[in-house]
Amino acid sequence: MTNWIPTKDCLSHPLHTSLAAAMKSAIEDGRLPAGTKLPPHRDLAHDIGISVHTVSKAYEGLRRQGLVGSHVGRGTYVLDPGRPSQQPFLMDRDPNGIIDLSISRPVYDPYHAKVMDGTLRNLPEGLDHDTYLACRPNVGLKAHRESGVKWLRRCGLETKPENIIMTNGVCNGMTTALATIAHYGDTVVTEDIAHHLIISLCAYFGLKLKGLQTDQDGIVPEAFEKACKAQEVKVLFTVPTQANPTVTTVPDERRRKLAEIARHHDVTIIEDDVWGPLMTDRPVPISMLAPERSIYLTSFSKCTLSGLRAGYMVAPDQLIPALTGRMLVFNWMATPLVTEIASRWVEDGTAEELVAWQRRELALRHAVVAEEMAEFDWRGNPAALHFWLRLPETWTPEAFVEHAQALGVAVAPPRPFAAPECKTPHAVRVSLGGAHSASSFRRGLKLLSNLLKRRPDPIAQPF
């Protein structure tokens, strides 16, 4: 066990990021050499004077960087920073390597490269020079916003070009919207099992994030109402369609109830609809039910091509100036060349074709999930990029993730999805799109299925 620990005085907000950075520095300069056993979460939290949740998030950040490894029955140890990461997050190119089912990304194929190659070859034809010369307007080029109206109508949202701001994906939109609406110390509410990025963003901005009770239909309206009566709630952030990670889709009637509560208590809604375009017969966006207080976000990275980081942020008239100001501060404007590609794909039908291709492939992989995981408790959707696998009581999530990795399969642990002060789910998220081939995907599921039927065994470590 190490004798070195940071002091609380040397940490800054957000504490988990600062703690992870301090420990990373100690690993890199030798104060925490490879093989060092780190203190248990609770012990380190007590010694520093911070919460166990903060320590857990710091350890998780170090694990994701490949700097530490958690070993069943033995604790958390420092890995050699000079060797490759133990937790890969890239697409599996080596059939003998890790099958990465940890990242919620679309299925990909040489077809996608062919489509993009053709677009890039033809890009100079009819290209407005403002696409590579402009650094304004901050909301994006007019032609791109006009194309956005067409795509957003397909998503169930009616709007005007003047209410659209182009973004470099939904994460860019989330950051901009949250910084515009909420200020240090304000309360944000979201699902108790939440999108991991909203948890990080609220920590970075010093916002109080509260997880609301959910059921099979999403946020329970009574829980939202109760939270609004208990304190002033500034923002409801929600992923109501194919939620990450639970794959929940909120039905129409509940969406109306949530919109009514937000209106009654003057709460701004930020709706993340990045997975929505993949669904057919989907409910109307919440932003259509309360357009005067909603910021709607979507992009192309989950439904067409993961590298196409172009998206739309839709807001009411009174919020556009403030959102534009925040966009200027964070990244001036969305990259016009990228939004040009997205706009061309909307206009010529390529985006729709890629969505249709993705739906077909996801449906095929969903059928494999239904076959290979038939004995287990899981939630999915034929148009979803991942499924939510509930674990038997014999397994802890940490042990299951580690054992799966030892077998060559990476899955996403549940802790990053638990809102503060909410119980960590006894489940893991499994992606349908990380594995390049259908055979590799099936092999990964078979390994997980066989693992679920066993009890965890100690994993020997070469220390």
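Mentor: Start with a cluster. Ring pairs join W151, F300 and Y312. Keep in mind that this is a predicted model.

Trainee: How is a pair of aromatic rings described?

Mentor: By the distance of the centres and the angle of the planes. The whole structure holds six aromatic pairs. One of them is F300 with Y312, at 5.7 Å centre to centre and 70° between the planes. That pair is edge-to-face, because the angle is over 60 degrees.

Trainee: Where in the chain do F300 and Y312 sit?

Mentor: F300 is in the loop between β11 (294–299) and β12 (311–314). Y312 is in strand β12, twelve residues apart from F300. The pair thus links distant parts of the chain.

Trainee: Are F300 and Y312 buried or exposed?

Mentor: Both are buried.

Trainee: Why is the pair of W378 and F387 edge-to-face?

Mentor: Its ring centres are 5.7 Å apart and its planes lie at 70°, so it is edge-to-face. W378 has a relative accessible area of 21%, so it is partly exposed. F387 is buried, because its relative accessibility is 1%.

Trainee: Back to W151. Which residue lies over its face?

Mentor: R154 does, at 4.7 Å from the ring centre.

Methods: Residues are numbered from 1 along each chain as its sequence is written. This is a predicted model: local features need pLDDT of at least 70, side-chain atom pairs count only at pLDDT 80 or more; totals for chains, interfaces and linings use all residues. Side-chain values use heavy atoms; hydrogens and water are left out. Rings of Phe, Tyr and Trp (its six-membered ring) pair if their centres lie within 6.5 Å; planes under 30 degrees apart count as stacked, over 60 as edge-to-face and the rest as tilted. Helices (H or I, at least four residues) and strands (E, at least two) are DSSP runs, numbered from the N terminus. Buried means under 20% relative accessible area, exposed over 50%, partly exposed in between (1.4 Å probe, protein chains only). A charge sits over a ring if NZ of Lys or CZ of Arg is within 6 Å of the ring centre and within 35 degrees of the ring normal.
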